[in-house]
Amino acid sequence: MSQTKRLTGFIGAEVIGVDLKQPITDETADTFRRLLSEHQVLRIRNQFLNLEEQKRFTILFGPLMALPYVQALAEDDKVIAVLKEAGEINTGVFGGEWHSDFSFLENPPAGSVLSAVEIPEIGGDTLWASQVAAYQSLPKDLKEFVAGRDAIHVGAPYGVKHAPPANEKANASIQMTRGDPDADREIRHPAVITDPQTGTRSLFLNPIYTTRFEDMSEEESSPILQEIYKHCTRPDFSCRLHWRAGDVVVWDNRLCLHYATNDYDGARRLLYRTTFQRYAPA
Ligand code: SIN
């Protein structure tokens, strides 16, 4: 692959000189997988992929996953349109809080790909924060606290804790199922996860879906979670990307959190998102 340029000290790299519309060799695919695990977020500019090309790129990293509780394209259940219309003023935005996608599933996605179609001239950036760097620099007392501890994740907060207030419209362009008892049941994940291939450890807690630590109440867990969130979303561990139409970004959902900014009322923003699971080890 031609060239890789790091975007910040801890997270993100730009891959330059690759055309994802062309056949992708095994060697290039291996390089992409290695780069993703090294940098957690990769951006490739000027691609303008159609959906088939986007899916072909996505499966380099893992099998495509249809996401529950969010409406996919009518013509393809593996693709979501992340859309906010220009007329959707003062609404929420999909992913508008630090999170790891669908961490409340028993088997959360391994990562996602976004392909930018229509982007506001100003705003609509996405941020990612390295949970590897966050874990490595976690203060000693918190590191001891999370060691070997499980946390509880629930889908409900998306519809309850983080639902827009009653006087504020929800984002109308993305239909989410809310109040589904299956999404709302408690799922346990380790607070620190280990990548089975590389042994890399990362924090796996997020303000949308993590409700508490196991064997602790929400009230008891809250001050500790807040302290961890303050640390793990520090700008030091983050990159913030401004999109251009044609950009493709892939990220590892287990190694970083992400956040969609909501600062572009009056402009239309459309990206297509595909999601992948982890390939079973050979
Ligand atoms: C998301 O996948 O959470 C949405 C990200 C974005 O729209 O920037």
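In the predicted model described here, a polar side-chain atom of Thr126 lies 2.5 Å from an oxygen atom of the ligand. For His99, a polar side-chain atom is found 3.1 Å from a ligand oxygen atom, and for His258, an N or O atom of the side chain is 3.0 Å from an oxygen atom of the ligand. The protein covers 100% of the 260 Å² of accessible area that the ligand has on its own. The space that the ligand takes up is the largest cavity.

The shell around the ligand consists of Val82, Phe94, Gly95, His99, Asp101, Leu114, Thr126, Trp251, His258, Ala260, Arg269 and Arg273. Strand S14 (256-260) and strand S15 are the elements that contribute two or more residues to this shell. Gly95, one of the surrounding residues, is placed in the loop between S4 and S5. Gly95 has a relative accessible area of 8% and is therefore buried, the cut-off for this class being under 20%. Along the chain, Gly95 and Asp77 are 18 residues apart, and their C-alpha atoms are separated by 19 Å.

The loop between S4 and S5 also holds Trp98. The relative accessibility of Trp98 is 10%, so this residue counts as buried. Residues up to four places away in sequence being left aside, Trp98 touches Leu127, Trp128, Ala129, Asn206, Pro207, Ile208, Thr233, Ser238, Leu257, His258 and Tyr259. Among these contacts is His258, which also belongs to the residues that surround the ligand. A separation of 27 Å is found between the C-alpha atoms of Trp98 and Leu49, which are 49 residues apart along the chain.

Helix H2 was examined next. This helix spans residues 51-58, and because 6 of its 8 residues are buried, it is largely enclosed by the rest of the structure. The buried positions are Leu51, Glu53, Gln54, Lys55, Phe57 and Thr58. The cover over these residues includes helix H1 (26-39) together with strands S3 (41-44), S4 (79-84), S5 (111-118), S13 (248-252) and S15 (269-276). At the start of H2, a side-chain oxygen of Asn50 comes to within 3.1 Å of the backbone nitrogen of Glu52.

Arg43 and Trp251 are 208 residues apart in sequence, yet the distance between their C-alpha atoms is 8.9 Å. Trp251 is in turn one of the residues that surround the ligand.

Most residues other than glycine have a negative phi. Asn46, in the loop between S3 and H2, has instead a positive phi, near 60°. Tyr69 likewise has a positive value, with phi near 70°, and its place is in the loop between H2 and S4. With a relative accessible area of 15%, Tyr69 is buried.

A further loop, between strand S9 (192-194) and strand S10 (201-203), holds Thr200. The side chain of Thr200 makes a polar contact of 2.8 Å with the side chain of Thr198. Beyond residues up to four places away in sequence, Thr200 touches Val132, Ile193, Thr194 and Asp195. The C-alpha atoms of Thr200 and Asp26 are separated by 24 Å, and these two residues are 174 residues apart along the chain.

Methods: Residues are numbered from 1 along each chain as its sequence is written. This is a predicted model: local features need pLDDT of at least 70, side-chain atom pairs count only at pLDDT 80 or more; totals for chains, interfaces and linings use all residues. Side-chain values use heavy atoms; hydrogens and water are left out. Buried means under 20% relative accessible area, exposed over 50%, partly exposed in between (1.4 Å probe, protein chains only). Helices (H or I, at least four residues) and strands (E, at least two) are DSSP runs, numbered from the N terminus. Contact means heavy atoms within 4.5 Å. A polar contact is a pair of N or O atoms within 3.5 Å; within protein, one must be able to donate a hydrogen and the other to accept it, and residues adjacent in sequence count only if both atoms are side-chain atoms. A residue is near a molecule or strand if one of its heavy atoms lies within 4 Å of it. Accessible areas come from the Shrake-Rupley method with a 1.4 Å probe; for residues, only the protein chains shown count as cover. On a 1 Å grid over the protein atoms alone, a cavity is a set of points where a 1.4 Å probe fits but cannot get out, and a pocket is an open set with protein on both sides within 12 Å along at least five of seven lines; lining residues have an atom within 4 Å of a point. A molecule sits in a cavity or pocket if more than half of its atoms lie within 2 Å of its grid points.
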